[in-house]
Amino acid sequence: MSVPHGFESRRKPPDQGPGLESDHEPGSGLRPPTGRVHIPARHRHIDVTTLGTLALQLPHLLTGLTVVFAASYVLDALFGPPWWIPVGCWAASGALIFHRPCERLLARWLYRLRHPTPEEARKLTSVWLKVTARAGVAPDAYQLWVEDSDEVNAMAAAGHIVGVTSHSLRSLTPARLAAVLAHELGHHVGGHAWASLITFWYTLPAKLAWRLLRWLAARVDRLPVGAAAVVIGVLGAAAFAVATATYGLVLVPLATPCLVAAVSRRSELRADEHAAGLGFAPQLMAVLREDLAHDEASRVGAAAMGARFEEGVVARLLASHPDVHTRLHRLQTHMDSRR
């Protein structure tokens, strides 16, 4: 499944009710600046993390193209339709995932989102209008969705999807909800969301082929010796053909998961910078501090019960989101630089 970019807060704070919209965050001592901050020319661009994501997925993309070409060639040889027709249809199909009706299907079936209720829509729309007005973005340029979840979280996906959990709508103050939504808008502005979905779509044939190979390999030991030798020979020839067709790039992903995770963490920091640039740094820091306090309380409680939660080096290297301390430090640095 495609991994949409999101805020990723796992805490479950007590409900505070919808409250009243206010630009003032209690306890922050600051009021976010009003008015348009970003110029229209910067509404959509491809930042360095998006380019990094596309570059690191290139071996998968080439492998996916090889799989589709091989399947199309077999169909051409067996049934007659020219091989370039299915290859061309597959190449053009990526545009459909940015078509609004197709995005609605993705939101419902892939990301498990739903339309907001009238009460949720009132709060969500009110906050979203303020965020988009400050960014200089047309509010109807994106589709607002809700995920039924008891966590504080949000996501940016495809070309125009912005989702937020139902618990976030209930528990976050309007100002803090605006900060979370500004973070998700940053993913769209930087191209992170569409890059994630497009790479998922075009690498899907390679992933399906890999699963098929694993399924076949798991059943080789059940076959007679002669049949097993034939299967192993065919699989080996296919793997060699794919590696040759991609100039060995198909093997690169085996050594790049840490780089992919590092680029993902950088994209989260860029989205934080976008929200801070719109004046929501204090509110975003407040949400992160509560998340950090909740995690620390959970660790203390677990330690008292004898449980241990130690994140290994590999897990940290493969994490798709930076740790909260890093995000808070970067946001504080941004605030200090603007004083």
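1. Trp84 is found in helix H3, helices being DSSP runs of H or I with at least four residues and strands runs of E with at least two, numbered from the N terminus. Trp84 counts as exposed because its relative accessibility is 55%, where exposed means over 50% relative accessible area, buried under 20%, and partly exposed in between, with a 1.4 Å probe and protein chains only.

2. The model is a predicted one, in which local features need pLDDT of at least 70 and side-chain atom pairs count only at pLDDT 80 or more, while totals for chains, interfaces and linings use all residues. Residues are numbered from 1 along each chain as its sequence is written, and side-chain values use heavy atoms, with hydrogens and water left out.

3. Trp84 belongs to a nonpolar patch on the surface, formed together with Phe69, Tyr73, Trp83 and Ile85, with about 550 Å² of accessible area together. Helix H2 (58-79) and helix H3 (84-93) each supply at least two residues of this patch. Patch members have over 30% relative accessible area and no salt bridge, with nonpolar side chains (Val, Leu, Ile, Met, Phe, Trp, Tyr) joined within 5 Å and like charges within 9 Å; a salt bridge is a side-chain nitrogen of Lys or Arg within 4 Å of a carboxyl oxygen of Asp or Glu.

4. As for the whole protein chain, its secondary structure comes to 13 helices and four strands, and 42% of its 339 residues count as buried. Of the contacts (heavy atoms within 4.5 Å) between residues at least 6 apart in sequence, 79% join residues at least 24 apart.

5. Leaving aside residues up to four places away in sequence, Leu185 touches Trp128, Val131, Ala135, Tyr142 and His274.

6. Ala209 lies in helix H8 (residues 192-218) and counts as partly exposed because its relative accessibility is 21%. The C-alpha atoms of Ala209 and Val68 are separated by 9.8 Å, although these residues are 141 residues apart along the chain.

Conventions: Areas by Shrake-Rupley, 256 points an atom, 1.4 Å probe, with all protein chains shown as cover.
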